[in-house]
Structures are given as structure tokens and as C-alpha cells.
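Please keep the sequence and the structure in view while reading.

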Amino acid sequence: MVKEETLKELALSRSEYNLILDKLDREPNDLELGLFGALWSEHCGYKHTKKLLRSIKSTSEFTLTEAGAENAGAVNIGSNKAIVMKIESHNHPSAVEPYEGAATGVGGIVRDIFAMGARPIALLNSLRFSNLESDRNIQIAKGVVEGISGYGNCLGIPNIGGECFFDESYESNPLVNAMCVGLVDADKILSAKADRPGDLLIIIGAETGRDGIHGASGLASQNFEETIELRSAVQVGNPFLEKLLIEACLEISNFNELVGMQDCGAAGITSAAIEMAERSELGLKIDVSKVPVKEDSMTPYEIMLSESQERMLIAVKKNQHQRIFDILEKWDLKCSIIGEFIEGNEVQIFDGEKIISQTSIEALTSPPEYDLSLISKGYKNKKNKIKIKEEYKNFDKKIINKYLFEIMDSNNLISKESIYRKYDHHVQTNTVVEPGSDAAVIRIKGTDKYLIFSCDGNSRFSLINPDIGAQINIAEACRNISVLGGEPISLTDGLNFGDPTKPKGAHELIETFKGFNKACKVFEIPIISGNASLFNEGHNSSINPTPIIGAMGIMNNKTKIINKNFINEGDYIGIIGKSLWGTDNGLSGSEFQSFFDKTISGEINIDLDFEEKIQKNIRILIKNNLINSATDISLGGLIMSLIKSCEKNNLGVNINKSIPENWAGALFGEDQSRIIFSFDPKNETLIKESLSNIDWEKIGLVSKENIKFENILLESDDLFLRYNKGFSTDI
């Protein structure tokens with residue numbers, strides 16, 4: 001009987017082991033148990049999310065793939081061009097080895113993209129760290145940023161955008177979500193499968209070593225324990241080798257001899273090869289003795305489960321591999337035929353002439369699916385009413401100045417330029433709007449298209465109400481596309497949650513998917529790809545539920561590009577939304593509440609139909625060249641949106657209203673569905689006509705300096721200095 005510690009190492013429960021016995025009708029040997037541990041892991045098998053994932057809207061008139069069917073999702077953008085995009089996490093490895101964890105996270109998501117024959121053209125990332133108050137937290141944050149830049153900059157792929165957020169819930173469990181975008185001819189998308197029996201299975205790229213063994217099961221599929229040494233489960237990356245791999249794979253992707261391509265990522269050859277066979281509805285024969293290895297003494301177990309980086313598997317027509325091998329030799333890449341696809345539904349693993357495992361593909365790729373509604377039954381989100389201090393409800397110039405200047409010390413509100421300046425965002429010469437705006441814009445050469453990308457996720461809203469929080473996250477990701485003039489057409493999601501075997505974790509997942517479904521329906525937008533990272537629980541507690549949304553929008557390149565920055569003194573300022581001011585309720589889950597009250601509580605809400613309407617209207621204004629800038633009111637509330645709109649060109653604003661008594665909610669409330677824009681006075685009549693069907697108002701004008709309301713003047717120079725000061729320590 002297998003020992004409990006062995007099952008724990010493989011993230012298998014006793015009941016799951018008994019199910020394996022039923023499927024095999026015998027005891028598995030050590031290698032087979034390792035295969036099951038990897039393929040039944042949360043990271044590969046999606047045991048706790050697969051049922052929910054089936055409920056998501058994943059197709060539209062633009063989509064070319066089914067969600068989960070390929071390495072990433074593909075969207076048709078016209079002109080026989082398709083965009084391939086996906087976001088994926090590397091959280092636990094980054095907690096253990098920040099540099100290598102983040103670096104190999106970038107490498108892995110890039111391989112998912114070029115595995116489909118697409119050239120990677122852009123990277124984005126979404127990062128979550130604990131507060132920078134300890135050496136360990138600084139080490140993690142600094143290591144992650146260096147890992148992203150150290151690997152990504154070597155690949156010649158621009159890092160065009162993203163976000164970075166700090167909250168104590170990520171103590172000892174940072175989140176590193178990397179997003180990659182690729183470009184491919186719409187009729188040349190590669191699948192990760194073989195075609196017929198006799199097709200060869202070939203491994204190319206790096207030699208296989210002992211790094212990353214049990215990464216999928218040990219790191220990505222269970223909670224951390226301080227007593228477990230996990231460094232050997234973190235992969236080590238070589239970006240220069242990956243660059244060669246990109247170019248070689250893209251060159252051979254046009255060959256008729258090539259049938260399919262698959263990234264060798266989580267669970268290594270095990271998941272890559274067996275999932276290829278499953279997609280192909282074929283069996284598979286593998287000889288581990290043919291796999292190029294770094295060390296002569298490696299066992300079949302280590303070879304099959306290694307997560308060494310910079311490796312790809314390709315399926316090639318029988319006896320038609322020579323031209324491909326010649327190209328790989330030109331790029332100085334190792335390659336070896338390690339097996340072939342066969343008739344039937346079996347995976348046969350050999351070590352030379354000796355067969356060492358023989359199992360059905362169905363058994364290996366059909367882990368149990370858990371019903372989260374049974375786990376979460378009876379659980380209810382704690383509803384804590386927001387407590388508004390009397391001081392927040394009594395207008396006072398000195399108090400407002402005090403709170404405003406103090407909150408500008410928040411790492412969440414200051415400029416993140418000190419991070420993104422470490423990334424190369426102009427390589428490939430396609431970047432039109434670079435990091436620092438609401439979203440990033442790139443051009444697609446040879447077409448009339450601009451593509452707009454954002455990456456967003458507010459975990460505090462999801463903690464208060466995961467259903468509404470998920471709606472807000474999709475709405476904001478789309479809003480950040482819309483305020484630059486793009487029409488959102490596809491999403492990718494990174495699901496970062498705690499333990500799904502606990503009622504709280506299960507409830508948060510269920511409610512999040514409810515929110516996704518509501519928002520996708522209203523915006524008529526699909527989630528085409530993504531990743532689920534569960535068991536994000538540090539040594540003390542779970543992270544806040546953190547669904548990250550990567551969004552893509554499209555616009556004609558003849559449309560004038562605008563961003564958040566006011567550009568002309570004397571321009572009028574308008575707001576689309578039900579009110580200029582935030583409300584007391586808007587302090588719920590806000591940065592103001594977290595920073596000053598050290599709590600997250602209250603109620604949040606969003607009107608999706610109204611949100612969809614304001615986004616459509618702002619896109620019309622931009623398309624008709626009626627406005628000069630636009631930005632949404634989100635993190636930090638109205639006052640932060642004004643500061644960020646003014647600081648780039650060192651301008652100010654005169655708002656023709658008095659701050660109300662509830663100054664905290666008014667200035668810092670993060671109520672949804674509000675967009676600030678500026679426009680030339682000569683366009684006012686046309687704007688009134690265009691916005692006749694929606695709530696909006698003119699609230700003031702762009703001035704030479706300072707942020708002035710009718711009852712208070714805030715000196716902008718000091719605010720701009722505080723916004724641009726950077727972190728207290730270099731990360």
C-alpha cells in the first residue's frame with residue numbers, strides 16, 4: 001500500500017488513489033503513480049474548476065478556437081490575421097525562487113503562443129506582492145521584476161503593460177500572472193496534436209534535467225508548508241535558448257511535414273505528450289532512453305516528470321523529419337525522435353526495449369471532477385457594513401490635505417514607472433501607447449488595425465463580493481480598452497484563489513464564475529483562454545480571491561489615439577456617469593478604506609447595462625475625434641484620476657463644483673462606471689448631441705496649474721512629486 005507521504009508529495013488523496021486502482025484494476029508502479037499525480041494535479045487536471053469552466057462564454061463571431069482545446073485562444077482580426085493570447089500564473093515557484101519563478105513563467109507563456117505557429121508580439125503582466133515592509137517581501141518583489149525583465153528582454157518581445165498591486169493577503173504567496181500575445185495568419189494556426197498512426201513524436205530544445213520535478217503537483221496543486229523544501233521543484237530558464245527555439249519553431253511551422261506542436265510545460269513530457277495523444281484520439285509509444293538528458297543517471301520517472309524549460313514536442317509525418325532536423329541543426333538545437341503515435345487508446349512507455357508502463361489515456365486524463373457547490377454548501381460571505389468616520393463626513397480643507405498627502409504614500413497609487421522602465425517596450429517597433437496609460441496600444445503592420453490590451457483585477461472587490469467583483473473586473477478591463485477608443489473583443493483570465501477544498505474557497509470560485517457569465521453576456525465578449533491557480537494559501541491565511549482579466553480591443557489605425565493625459569489649457573472637462581462624486585458606499589473595498597481604516601468591508605455594486613452604454617458612448621466620441629483625453633475613475637477615486645490626467649503635461653484643473661460634506665467618499669470613492677474626458681470647447685454642441693442618451697455633465701476646464709474646486713485649492717506640484725517619487729526601495 002502506498003504511503004501517505006508519497007500521496008501528499010503527488011497531491012493525491014487516498015480516495016483518488018483508490019479511484020486509480022479501480023481504473024487500472026491493479027496497483028500502479030512508481031512511474032505510473034507519478035504520471036497520475038501530474039495529470040490529476042490541479043494544475044493539469046482542473047479538478048475543481050472544470051465544471052465551472054464549461055459554463056463560460058468562450059466563443060464569438062471572432063473566435064477561431066474553443067477554450068481549452070489548444071495552448072491558447074485565437075481571434076480573427078481580419079486581413080487573414082489572427083491574434084493568439086493567453087494569461088498564465090507562476091505563483092508558487094515565484095514565492096520559492098522569485099527570479100527563476102517569474103522568468104520561467106514568462107518563458108512558459110511565450111511557448112504556449114508560438115506552439116500555435118504565432119509570433120509573440122507583446123507581453124503583459126499582473127503582479128501581486130505583500131507590503132514592502134520586510135526584507136523578504138522586498139526580495140520577492142525585486143526578484144520577480146528582475147526575472148520578468150531578465151528573461152523577457154532577451155526574447156525581443158515588448159512588455160507593453162500590466163499592473164502591480166500590494167496587499168498583505170499576498171504575504172508569502174505573491175501572484176505572478178504573465179500574458180502573451182501572438183500574431184499568425186488565420187489559416188496557419190497549428191494544433192497541439194498528431195494526425196494519424198505512425199506520426200513521430202520529437203522533442204526539441206533543451207536537454208532534460210532534474211529541475212522542476214513535481215512542479216505541477218507539488219508547487220501548483222497544494223498549499224505551502226514551511227517544513228517542505230521546494231527549491232528543486234522550481235525550473236531554471238535560459239532565454240537565449242528560448243529565442244532560438246522561437247525562431248526555429250516558427251520556421252518549421254510552415255512545413256507540410258509538421259503536423260502539430262506542443263509546449264513542454266507543467267508536468268513536462270508527461271502532460272505534453274499524453275495530452276497531444278488525447279487530442280489526436282490516438283495512442284502513444286514513448287522511449288525515455290531517446291530523450292536527451294543533462295545527467296546520465298536520470299531515471300525514467302525523472303525524465304517523464306521533469307519540467308526543464310525551453311523544450312517543445314512536435315508531431316511529424318512518418319519518415320519526413322529530415323528537413324525539420326536540418327532547420328533545427330541550423331539553429332543549434334538538439335532534437336530526438338522519442339516515440340510515435342499509434343492506434344488505440346494506450347500510452348506505452350519504454351526504456352529501450354523494456355516496457356515500463358502501459359496505461360489507457362482515458363484513465364490518465366480523466367481525473368475526478370469535484371462539485372464545488374457541495375463543498376461550499378451553507379457558506380455565506382461575511383457582510384460587514386461599512387463604518388464611516390464622522391471626520392469623513394465633515395468638509396475641512398486641512399483634513400482633506402492631510403489625508404490626501406498621506407495616501408500618496410500608498411504603493412498602490414504612485415506611478416509604477418520604476419517597474420516598467422526595466423522592461424523593453426519598444427522592441428519590434430509596434431508599440432503606439434506604452435506602459436503607464438489605462439491600456440497599451442500596438443499596431444499590426446500591413447493592416448489598418450490597432451490592438452489595445454489591458455490587464456486588470458481588483459481583489460478587494462472580489463473579497464467583499466466575488467460575484468460583483470468579477471463583474472467589475474471584466475467591466476474595468478473592457479473600460480480601459482474603451483477609453484482609448486478600442487472595441488473589446490476577447491478576454492483571457494487568470495484565476496488566483498485559495499483552497500477549493502474549503503467552503504470559503506469553493507464559494508469564491510462559484511460566485512466569481514457567476515459574475516463572469518453576467519458580464520460576458522452583457523458585453524457580448526468571450527473568455528477564450530486562461531489559467532486556474534488554486535491553493536494560494538501562505539503560512540497564515542489565504543490570498544484575497546484574485547481573478548485577473550486580460551482584455552484585447554481593436555480599432556482602426558486612422559482613429560486618433562488618445563490617452564488619460566490632459567493636453568490643452570482651456571479644454572473643457574466632462575464626466576460620463578451618474579455622478580461626478582463618489583459616495584460613502586464607494587469607499588467599500590477602496591484604497592482609502594484599506595490605507596486608513598485597515599479593513600475591507602461594506603457593499604459594492606455595478607450596473608452592467610449602464611456600464612456597457614457608457615463604454616459604447618466614449619468609443620463613439622473618440623471615433624468621431626471629438627475629445628482629447630479620457631480615463632476612468634477607479635483605484636484612488638476621482639482625485640487620483642485628476643492627478644494622473646494632469647501630471648504628464650504639468651497642467652491643472654478648475655472644477656466648477658464644491659466638494660460636498662462627505663469629502664472622503666466624494667474624492668476617494670471608487671464607485672463604478674465613471675469616465676472623465678477633455679475636449680475642445682468648439683466640440684461642445686456635437687458632444688451634447690452624441691451623449692443625449694446618457695448621463696453626463698461638463699464639470700470644469702483644464703488650467704495652467706493646481707487642482708481647484710470651488711471650496712478648496714490643492715497645489716499640484718507637491719502632488720505630482722509624490723505621485724512620481726517611486727517606491728521606498730528599488731524593485
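Leaving out residues up to four places away in sequence, Asp448 touches Met555, Asn556 and Asn557, where contact means heavy atoms within 4.5 Å. This is a predicted model, in which local features need pLDDT of at least 70 and side-chain atom pairs count only at pLDDT 80 or more, while totals for chains, interfaces and linings use all residues. Residues are numbered from 1 along each chain as its sequence is written, and side-chain values use heavy atoms, with hydrogens and water left out.

Asp448 belongs to the loop between β14 (440–443) and β15 (449–456); helices (H or I, at least four residues) and strands (E, at least two) are DSSP runs, numbered from the N terminus. Asp448 counts as partly exposed because its relative accessibility is 31%. On this scale, buried means under 20% relative accessible area, exposed over 50%, and partly exposed in between (1.4 Å probe, protein chains only). Along the chain, Asp448 and Met555 are 107 residues apart, yet their C-alpha atoms are separated by 8.5 Å. With Asn556, the side chain of Asp448 makes a side-chain polar contact of 3.4 Å. A polar contact is a pair of N or O atoms within 3.5 Å; within protein, one must be able to donate a hydrogen and the other to accept it, and residues adjacent in sequence count only if both atoms are side-chain atoms.

Apart from residues up to four places away in sequence, Tyr572 touches Phe677, Ser678, Phe679, Pro681, Glu684, Lys698, Gly700 and Leu701.

Leu626 is located in the loop between α22 and β20 and counts as buried because its relative accessibility is 7%. Leu626 and Leu509 are 117 residues apart in sequence, and 42 Å separates them in space, C-alpha to C-alpha. The loop between α22 (608–623) and β20 (629–632) also holds Asn625, which counts as partly exposed at 45% relative accessibility.

Backbone angles deserve attention here. Most residues other than glycine have a negative phi. Asn625, which is not a glycine, has a positive phi of about 55°. Ala267 likewise has a positive phi, near 70°. Ala267 sits in the loop between β7 (258–263) and α11 (268–280), and it counts as buried because its relative accessibility is 2%.

Strand β7 itself contains Gln262. With a relative accessible area of 5%, Gln262 is buried. Its side chain is joined to that of Arg279 by a polar contact of 2.9 Å. Beyond neighbours within four places in sequence, the contacts of Gln262 include Asn71, Ala115, Ala192 and Met276.

Met276 is likewise in contact with Ile314, as are Leu200, Ile252, Met261 and Ile324, among others. Ile314 is one of the residues with the most contacts inside the largest nonpolar core, which has 62 residues; the others named are Val110, Leu127 and Met261. A nonpolar core is a set of buried Ala, Val, Leu, Ile, Met, Phe, Trp, Tyr and Cys residues joined through side-chain atoms within 4.5 Å. A second, separate core has 61 residues, including Ala439, Ile452, Ala506 and Ile627.

Helix α16 (residues 397–407) shows how buried residues connect elements. Ile400, Tyr403, Leu404, Phe405 and Ile407 are buried in this helix, and its buried residues pack against α21 (591–597), α23 (637–647), α24 (663–668), β25 (712–714) and α26 (716–723). At the start of α16, a side-chain oxygen of Asp396 comes to within 2.9 Å of the backbone nitrogen of Lys398.
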